[in-house]
There are 2 protein chains.
Amino acid sequence: MPTDIEIARQATLIPITEVAKNAGVPDEALIPYGKYKAKVDTATLPTTSNGKLILVTAVNPTPAGEGKTTTSVGLSDALHRIGKKTMLCLREPSLGPCFGVKGGGAGGGKSQVMPMDEINLHFTGDFHAITSAHNLLSAMIDNHIYWGNSLDIDLRRVTWRRVLDMNDRALRQIVGPLGGVSNGFPRETGFDITVASEIMAILCLASDLDDLQKRLGDIIIGYRRDRTPVFCRDVKADPAMTVLLKDAILPNLVQTLENRPAFLHGGPFANIAHGCNSVIATKTALRMADYVVTEAGFGADLGAEKFMDIKCRLAGLKPDAIVLVATVRALKMNGGVAKADLTKGENVDAVRAGSVNLKRHIENVKKFGITPTIAINHFYLDTDAEIAVIQEMAKEFGADAVICKHWAEGGAGAEELAQIVATKADAGAPDFDQLYPSSMPLADKITTVATEIYRAENVAIPTAVRKQLKQWEEMGYGEFPVCMAKTQYSFSTDPTQLGAPTGHEIAIREVRLSAGAGFVVAIAGDIMTMPGLPKVPSAEGIYLDENGQIEGLF
Amino acid sequence: MPTDIEIARQATLIPITEVAKNAGVPDEALIPYGKYKAKVDTATLPTTSNGKLILVTAVNPTPAGEGKTTTSVGLSDALHRIGKKTMLCLREPSLGPCFGVKGGGAGGGKSQVMPMDEINLHFTGDFHAITSAHNLLSAMIDNHIYWGNSLDIDLRRVTWRRVLDMNDRALRQIVGPLGGVSNGFPRETGFDITVASEIMAILCLASDLDDLQKRLGDIIIGYRRDRTPVFCRDVKADPAMTVLLKDAILPNLVQTLENRPAFLHGGPFANIAHGCNSVIATKTALRMADYVVTEAGFGADLGAEKFMDIKCRLAGLKPDAIVLVATVRALKMNGGVAKADLTKGENVDAVRAGSVNLKRHIENVKKFGITPTIAINHFYLDTDAEIAVIQEMAKEFGADAVICKHWAEGGAGAEELAQIVATKADAGAPDFDQLYPSSMPLADKITTVATEIYRAENVAIPTAVRKQLKQWEEMGYGEFPVCMAKTQYSFSTDPTQLGAPTGHEIAIREVRLSAGAGFVVAIAGDIMTMPGLPKVPSAEGIYLDENGQIEGLF
């Protein structure tokens with residue numbers, strides 16, 4: 001079988017100007033970045049549609065791979081094939097992790113977005129702009145302190161750190177500035193990876209440049225001795241940060257292997273942030289196309305919940321249909337099979353055992369008023385009997401479970417899924433609702449997600465955390481949704497508890513306020529905001545070959 | 001009088017595709033970045049010329065401003081006006097300093113390159129790519145140490161730091177990683193600004209991607225306990241860094257206010273590096289145009305010397321003509337007038353007194369075998385008598401001194417200069433030679449520049465520095481040119497000694513080896529490689545107005 005990169009290299013891309021024309025983007029709204037990438041000037045783009053929104057989510061991720069992005073691409077290409085004017089909206093990948101574990105890419109097989117090397121490297125510079133805006137604020141904070149600290153910021157309580165789009169564990173925790181009077185006042189601080197920046201979440205939730213600047217100004221950068229917050233706008237950084245982000249806020253247009261349009265825009269962490277592409281890209285796509293296919297990070301417990309409770313709530317969006325991706329292999333792993341044993345022939349019992357994971361995700365999604373369509377992302381070793389188990393189980397919930405072969409066949413392999421999903425999207429989701437109302441107290445929101453979605457028997461919120469939440473409510477942040485940060489591998493906080501664990505406790509270790517983004521982060525378990533490189537980083541194998549092609553990136 | 005930004009906003013830009021067509025860049029070699037910026041794919045560009053190279057340099061900079069870039073733009077536009085096929089090559093400005101002291105821009109008045117806001121912000125992402133490549137190496141070094149340090153790098157002798165394109169003094173000197181086993185081994189380190197990265201110098205000296213990768217591999221990142229060097233290629237970072245720089249190495253095409261083509265590419269520090277735009281841009285321009293106008297950083301003592309002894313030596317280039325920019329105001333300041341007193345009417349004596357600065361620069365340039373043409377960059381308060389002093393003095397050296405009004409009039413104001421310079425360039429510079437041969441011992445090279453150019457009476461090179469230079473010679477670096485890092489405001493190391501100081505000592509504090517770039521840096525005086533922000537940074541006044549235009553950047 002050809003690899004993703006081999007398939008990608010055989011692809012014939014068309015100029016981005018043509019992709020744009022086909023998608024109805026007029027010349028004056030297209031800002032090219034090279035021959036195969038562009039930004040779209042949303043201000044000059046005409047509104048030609050009022051599209052239906054289709055969310056693609058998945059079972060809990062396993063090392064077997066589920067293919068959520070691949071399915072999003074395949075579904076979008078398939079919708080085009082059955083005559084539906086469609087737009088695909090995905091996240092941009094982050095540069096740093098490409099040098100850690102071999103990976104990168106967007107989609108796989110015959111369902112990829114192109115040009116994959118440029119997308120995985122600097123792309124159109126959005127993440128670099130976020131890094132610059134973030135670190136400008138950091139520099140202005142220390143500069144304010146250096147010149148007299150008239151805002152009385154408590155040096156021990158500066159919460160705003162710095163960011164780099166690089167896996168660099170050595171920067172997680174540092175002390176500086178050292179070197180005496182001319183460098184400033186030493187304090188403990190550190191760096192996160194750029195995708196963990198609150199600015200990334202803000203860029204992805206902002207409705208326009210004015211809203212972006214308002215949210216940037218709302219960022220809390222630290223506290224005084226009396227615990228009153230100091231805002232970004234207090235150090236007067238928000239307008240200049242907005243200037244740095246003025247191009248980054250525009251959606252990036254690329255194409256699938258079948259030359260269909262796709263927006264790749266924004267890529268917030270899916271644990272300490274909401275893990276969805278930008279609201280601006282999604283809303284722009286809805287103005288251009290009749291169907292918009294988008295995805296959410298991780299499994300449905302984290303990704304779909306945040307998509308609906310954070311992104312849809314804050315942006316006034318709602319999904320018209322939801323696709324839940326599952327694979328035979330992933331369900332086998334949820335049923336106790338080790339990765340090395342996945343190729344050892346049919347194992348219907350394991351699929352049945354692991355289907356509890358899928359079942360719980362279906363139940364969860366239905367709590368939002370929508371019955372998902374199950375996309376069985378086909379692998380050539382899957383047997384009919386294994387697939388039948390999944391279809392049976394889906395039927396219990398009144399859900400369709402469709403075999404999709406877009407990895408091997410492109411959009412042609414997902415036409416049945418496209419037909420079903422289009423029909424469902426046309427019918428809409430009149431019963432859609434968020435899981436909890438905005439008016440619910442913050443601690444109760446955490447408990448609701450933990451019990452309703454994660455199925456915790458017990459939710460442990462320490463007194464100090466409850467006090468903190470109370471304080472934020474008094475400060476006016478009580479209407480914020482909560483953004484749960486926990487492992488993506490399990491419904492519980494223990495990544496080894498696959499399937500559908502019960503009887504577990506969700507313990508909230510810490511809460512953080514993303515006052516600019518507009519949510520409260522509740523951290524359950526260890527969350528890493530600056531990854532490290534492995535012993536042999538993939539960077540060691542990345543190079544330009546004699547033809548100037550990039551090797552080793554995927 | 002209209003401000004630079006007002007003039008810029010009244011300009012009518014033409015699409016970069018048209019600029020390219022006029023410059024002879026075929027469609028297939030043009031990689032657009034938005035409507036008014038592009039990169040040029042040098043591999044597919046045909047060679048249509050064998051141009052003459054014109055260097056623009058200046059007297060020592062003063063707070064009055066000399067207008068070296070402005071004159072480069074004006075001269076280039078003027079050459080076009082008199083029918084000469086010309087290409088302009090300038091450096092790219094750095095993002096970080098834009099948020100410090102109000103500034104930025106490229107050129108001034110009616111001699112500017114456009115679009116100035118984009119050029120001063122992220123432009124085509126070159127500096128972000130350099131930041132990424134630099135910090136990838138940093139991360140791989142600490143990662144190597146973390147996983148067992150099989151190269152035996154001495155933690156105290158890691159010389160490779162990190163960079164950000166931001167004025168952030170708090171990062172100059174830090175300790176990290178802290179936090180225990182999972183983060184690594186604490187050590188002292190810090191950040192420089194991106195333009196001070198050796199990678200910036202390398203990008204600007206590399207002849208192509210292969211040479212770039214070789215030079216990256218040659219970087220010394222630190223030493224073992226036994227003082228043997230550890231190279232970038234020892235941690236296997238150079239191929240991946242090359243991948244990150246594969247687009248950054250291509251020259252950026254923009255236009256002047258008169259819609260003439262300009263390459264803006266690279267921007268190394270002019271103290272710890274050589275301060276010139278990229279060799280690739282210059283060589284590409286020479287293939288396309290009959291005349292190429294380029295500039296070097298700071299005054300002729302630093303900029304022109306490095307242009308000839310470093311850039312031309314390493315790239316096999318030579319200037320066919322040299323323009324030396326002076327202003328009445330700058331010479332007055334060199335003659336002892338304070339900035340506040342510059343508007344107090346004619347002062348012929350001050351101009352005469354300050355002309356010693358110009359005189360010495362002319363003498364210096366002649367040591368390279370070329371008699372410069374003096375461009376008197378006209379200011380509306382200049383009087384005929386003041387200008388006459390400069391012209392008289394130039395005549396002593398057989399040099400033309402031409403009044404140029406390109407600031408007020410654009411290219412039309414520099415046609416006389418263009419005629420003279422074109423004639424000189426056509427005649428060429430058969431006597432051109434570097435100041436010293438590559439075979440000269442490193443310490444003697446330092447002494448030669450210090451006595452011949454800076455006119456030091458005494459050059460103090462401490463024993464430890466001499467020993468270090470000797471060691472590098474033994475290691476095979478003896479053929480490298482020296483790159484002097486000293487104040488740009490004076491021939492001496494004391495920035496207050498204007499005019500033509502004599503009897504001073506040049507004391508070399510420290511030497512550094514830029515083994516990848518290919519030069520030895522000799523530091524005389526305090527050199528700052530990470531600037532700070534002022535009490536009221538210009539960032540506080542930068543914002544998007546109601547029309548989406550950037551205010552406060554210039």
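## Terms and model

Two strands pair if DSSP finds at least two bridges between them. Helices (H or I, at least four residues) and strands (E, at least two) are DSSP runs, numbered from the N terminus.

This is a predicted model, in which local features need pLDDT of at least 70, side-chain atom pairs count only at pLDDT 80 or more, and totals for chains, interfaces and linings use all residues; side-chain values use heavy atoms, without hydrogens and water. Residues are numbered from 1 along each chain as its sequence is written, while chains are lettered from A and ligands numbered from 1 in the order in which they are written.

## The sheet in chain A

In chain A, 3 strands in the order β7-β12-β13 make an open sheet with antiparallel pairing. Its edge strands, β7 (153-158) and β13 (229-231) of chain A, each pair on one side only. From one strand to the next, the twist averages 50° (axes are lines fitted to C-alpha atoms, for helices over the stretch in contact, and angles run from 0 to 180 degrees between N-to-C directions).

β7(A) and β12 (residues 220-224) of chain A run antiparallel and are joined by 2 bridges. Opposite Ile153(A) stands Arg224(A) in β12(A). Helix α5 (residues 126-146) of chain A lies across β7 and β12 of chain A, at about 135° to β7(A); contact means heavy atoms within 4.5 Å.

## The sheet in chain B

Chain B has an open sheet of 3 strands, ordered β21-β24-β23, with mixed pairing. β21 (482-485) and β23 (510-514) of chain B each have a single partner strand, so one side of each is left without a neighbour in the sheet.

Antiparallel pairing over 5 bridges links β23(B) to β24 (residues 519-523) of chain B. Glu510(B) has Ile523(B) as its bridge partner in β24(B). Helix α16 (residues 442-453) of chain B lies across β21, β23 and β24 of chain B and runs at about 50° to β21(B).
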